[in-house]
Amino acid sequence: MATPAVDRDALVELLDGNPDVIVTLIDSFLDDCSDYMDAIRAAVESRDAEALEREAHGLKGATGSLRASPSSEAAQTLEEMAHTGDFGDAEAALETLEAEIDRLKDELRALRTACQEAAGRVD
């Protein structure tokens, strides 16, 4: 069985189970995620190691704060490639990251809905 995209229990515990804080964190990530992914794609395409390292590192931190290990690890792989300047497997690593981010966004949206329901509101 695949590792869950996000460790919900760890995230909820980290945020003391406060549904409003969890929703805020999820919304912030979902707002920023496209910018990270666009910048990472552009850096891979242009083989810009500096930009790739910076953006992958930022996304790794953002996903790590959500307790999303698979996405964080995929971003770290790209960060390490950029650090060494080895773009040989960058396209495959980018595809892995994109798949993990898609899984993560789906799980975060489901968690967001559950938190809103727990708080007695749905947007």
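Before I start on pairs of helices, I note what an axis is here: a line fitted to C-alpha atoms, for helices over the stretch in contact, with angles running from 0 to 180 degrees between N-to-C directions. I also remind myself that I am looking at a predicted model.

**Entry: H2 against H5**

I looked up H2 and H5 and found that their axes come within 10 Å and cross at roughly 160°. Angles over 145 degrees count as roughly antiparallel, and H2 and H5 are therefore roughly antiparallel to each other. I put the crossing of H2 past H5 down as left-handed. Sorting the residues of this contact by type, I get 18 nonpolar, one polar and seven charged.

**Entry: H2 against H3**

Next I took H2 with H3, which pack at an angle of about 155° with their axes 9 Å apart. That makes this pair roughly antiparallel as well. The crossing of H2 past H3 is left-handed. On the H2 side I listed Leu-25, Phe-29, Tyr-36, Met-37, Ala-39, Ile-40, Ala-43 and Val-44. The H3 side brings Ala-51, Leu-52, Glu-55, Ala-56, Gly-58, Leu-59, Ala-62, Thr-63 and Ser-65. By type, the contact of H2 with H3 splits into 13 nonpolar, three polar and one charged.

**Entry: H3 against H4**

What angle do the axes of H3 and H4 make where they cross? I read roughly 160°, with the axes coming within 8 Å. H3 and H4 are therefore roughly antiparallel, and H3 passes H4 in a left-handed crossing. From H3, the contact uses Ala-49, Leu-52, Glu-53, Ala-56, His-57, Leu-59, Lys-60, Thr-63 and Gly-64. From H4, I wrote down Ser-71, Ser-72, Ala-75, Gln-76, Leu-78, Glu-79, Ala-82 and His-83. The contact of H3 with H4 divides into seven nonpolar, seven polar and three charged residues.

**Entry: the core**

I then turned to the largest nonpolar core, which has 36 residues. Which of its members touch the most others? I found Phe-29, Leu-52, Leu-78 and Leu-97. Helices H2 (19–46), H3 (49–65), H4 (69–84) and H5 (90–118) each give two or more residues to this core. H2 supplies the largest share, 10 residues.

I followed up on Leu-97. Setting aside neighbours within four places in sequence, I see Leu-97 in contact with Met-37, Ile-40, Leu-59, Ser-71, Ala-74, Ala-75 and Leu-78.

Glu-100 is found in H5. Is Glu-100 buried or exposed? The cut-off for buried is under 20% relative accessible area, and Glu-100 has 18%, so I count Glu-100 as buried. Not counting residues up to four places away in sequence, Glu-100 touches Pro-70, Ser-71 and Ala-74.

Glu-117 also sits in helix H5. Glu-117 is exposed, with a relative accessible area of 52%. I checked the C-alpha atoms of Glu-117 and Pro-19: they lie 98 residues apart along the chain and are separated by 9.0 Å.

**Entry: Ala-5**

Where is Ala-5? I located Ala-5 in the segment before H1. Ala-5 comes out at 0% relative accessibility, so I put Ala-5 down as buried. Leaving out residues up to four places away in sequence, Ala-5 touches Arg-67, Ala-68, Ser-69, Pro-70, Arg-103, Leu-104 and Glu-107. As a separate check, I have Ala-5 and His-57 at 18 Å, C-alpha to C-alpha, and 52 residues apart in sequence.

**Entry: positive phi**

Last, I went through backbone angles. Asp-16 is not a glycine, yet I read a positive phi of about 55° there. Asp-16 lies in the loop between helix H1 (8–14) and H2, and is exposed, with a relative accessible area of 72%.

Arg-47 is not a glycine either, and has a positive phi of about 55°. I placed Arg-47 in the loop between H2 and H3. At 53% relative accessibility, Arg-47 counts as exposed.

Technical notes: Residues numbered from 1 in each chain as written. Predicted model: local features only at pLDDT ≥ 70, side-chain atom pairs only at ≥ 80, totals over all residues. Heavy atoms only, no water. Core = buried A, V, L, I, M, F, W, Y, C linked by side-chain atoms within 4.5 Å. Buried < 20%, exposed > 50% of the residue type's maximum accessible area, 1.4 Å probe, protein only. Helix = DSSP H or I, 4+ residues; strand = E, 2+ residues; numbered from the N terminus. Contact = heavy atoms within 4.5 Å. Parallel < 35°, antiparallel > 145°, perpendicular 65-115°, else oblique. Left-handed = near helix turned anticlockwise from the far one by under 90°. Nonpolar A, V, L, I, M, F, W, Y, C, P; charged D, E, K, R; others polar.
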